[in-house]
Amino acid sequence: MDMSFSPEDQAFRAEVRQFLRDRLPARLSEKVRLHQELTKDEIEEWHGVLNEKGWLAGNWPVEFGGAGWTAIQRHIFEEESALAHAPRILPFGIAMLGPVLQKFGSKEQQEHYLPRILNGQDWWCQGYSEPGAGSDLASLKTTAVRDGDHYIVNGQKTWTTLGQHANWIFCLVRTNSTVKAQEGISFLLIDMTAPGITVRPIVLLEGTPEVNEVFFDDVRVPVANLVGEENKGWTYAKYLLTHERTNIAGVGFATAGLAALKRIARAQVANGRPLIENPLFAARLAEVEIDLMAMSTTNLRMLAQAAAGQVPGAESSMLKLKGTQIRQAINDLTRRAVGPWALAFPSEALEGANDDAPPGPAEAAGATRAYLNNRKLSIYGGSNEIQRGIIAKSLLGL
Ligand SMILES: Cc1cc2nc3c(=O)[nH]c(=O)nc-3n(C[C@H](O)[C@H](O)[C@H](O)COP(=O)(O)OP(=O)(O)OC[C@H]3O[C@@H](n4cnc5c(N)ncnc54)[C@H](O)[C@@H]3O)c2cc1C
């Protein structure tokens, strides 16, 4: 029995586990397990299954069509989903825009956009970063100039995750450049099919076009698409980021990754013995596992604080930093565990000259792909250097 959770929460965990057993298609979980890229249809398929059950938006209040879960229930759902290799719920509509519209959007915006996020009519992407504005986000330059009942938008966003699938983008735009940077930013909802928008893919290290550049050339956006007040966008943007940083520790992903690593290390042979018995490898494995146990405890402590009504502060920076370090360490060890098979460039291994299965153990191509793709973990959601700065200032008082 899991002593960290109340009987109600343990019952909830059992319910989630059963649901995943019954409703998660093996076809999808196998792709997730092997770190293969999911298609748009596959992502939407899983969103549809969850929405039917009323579980797509665990973080939304029931009045907006959400499940209204507690922080602990959300943690349990995320952990069980990761362990079952379920596709991850896309954060852009559910975790990011939804809470902003619920708190700051007009009634019309709430009634129009929120149901469309749930039923999959709209696919949202996040237009925050620009070529000259990442960590220093407030220096963003994309402009929105008022022209009657429209804004005219010009500029460029970058690193827009899965923007190639999106029909809407929420953007931070500059509506006043004569005041302090943070005070001249607005939060605008933009139809990606509007004339003047160009989306250009950026191919990541492992060969997938997961992110994009988005260009705006005299794009006309109705003033009705402004969220909240003009020039107050920074407040809404910060509110959104606190939601972006939930589940930041990724305990479930790390736990699932560690279990997979142990399976591989048991099956692989080094010098005539299972790799897991190699003292050097075993020591590195133990180090990561201990780190994960410590982080898991810290995570639960924070969840308990949240349940008691406290707002997490710089502690979430600790979880982001440690969580991403642990996941990257697991990716690194997994790549080492599959040995020379990890050298195959994933696209070559997967496509091959014919229809043969990729060489080596099933996990080989996925190991390299995950290793390369997850370099992003320490960059997005506030880079790890930025998190160290926050920890130094807020927790250590430096
Ligand atoms: C795969 C991926 C997906 C992304 N998806 C999206 C998305 O969908 N939408 C979106 O808007 N953005 C997205 N981003 C952008 C992401 O938020 C930024 O990359 C991130 O904020 C860092 O900004 P930057 O890339 O401009 O780097 P910079 O801010 O230029 O930083 C460069 C380096 O300097 C360091 N640095 C910067 N400032 C400091 C400081 N004050 N102290 C110490 N070190 C510092 C950084 O840590 C980094 O190592 C994505 C990024 C990646 C990699």
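Q: Which ligand atom is 2.7 Å from a polar backbone atom of Trp-159?
A: A nitrogen atom of the ligand. That is a polar contact, meaning a pair of N or O atoms within 3.5 Å; within protein, one must be able to donate a hydrogen and the other to accept it, and residues adjacent in sequence count only if both atoms are side-chain atoms.

Q: Is this predicted or experimental, and what are the ground rules?
A: The model is predicted: local features need pLDDT of at least 70, side-chain atom pairs count only at pLDDT 80 or more, and totals for chains, interfaces and linings use all residues. Residues are numbered from 1 along each chain as its sequence is written, and side-chain values use heavy atoms, with hydrogens and water left out.

Q: Back to the ligand. What lies 2.6 Å from an oxygen atom of the ligand?
A: An N or O atom in the side chain of Ser-383. A ligand oxygen atom also has a backbone N or O atom of Tyr-128 at 3.0 Å.

Q: Now the layout. What domains does the assignment give?
A: Domain 1 is 7-89, domain 2 is 124-232 and domain 3 is 249-394. Those bounds come from an automatic or database domain assignment. The C-alpha centres of domain 1 and domain 2 lie 30 Å apart.

Q: What does UniProt place at residues 6-120?
A: The unreviewed UniProt entry has "domain: Acyl-CoA dehydrogenase/oxidase N-terminal" there. UniProt positions use the numbering here, feature names are shortened, and annotations may be inferred rather than shown by experiment.

Q: What is the helix and strand content over 6-120?
A: Residues 6-120 are 68% helix and 0% strand. Residues 125-219 are 0% helix and 48% strand. Helices (H or I, at least four residues) and strands (E, at least two) are DSSP runs, numbered from the N terminus.

Q: Switching to aromatics. How many pairs are there?
A: A search of the whole structure finds 15. In one of them, the ring centres of Phe-12 and Trp-69 are 5.2 Å apart and the planes are at 70 degrees, so the pair is edge-to-face. Rings of Phe, Tyr and Trp (its six-membered ring) pair if their centres lie within 6.5 Å; planes under 30 degrees apart count as stacked, over 60 as edge-to-face and the rest as tilted.

Q: Where do Phe-12 and Trp-69 sit?
A: Phe-12 is in helix α1 (residues 7-23). Trp-69 is in the loop between α3 (40-53) and α4 (71-83), 57 residues from Phe-12.

Q: Buried or exposed?
A: Phe-12 and Trp-69 are both buried. Buried means under 20% relative accessible area, exposed over 50%, partly exposed in between (1.4 Å probe, protein chains only).

Q: Which residues form the aromatic cluster?
A: Phe-12, Phe-19, Trp-46, Trp-55, Trp-69 and Phe-77.

Q: What lies over the face of Tyr-371?
A: Arg-335, at 4.1 Å from the ring centre. The charged end of Arg-146 sits over the ring of Tyr-151, 5.8 Å from its centre. The test is NZ of Lys or CZ of Arg within 6 Å of the ring centre and within 35 degrees of the ring normal.

Q: Last one: is Val-311 buried or exposed?
A: Exposed, with a relative accessible area of 74%. Val-311 is in the loop between α9 (279-307) and α10 (315-337).
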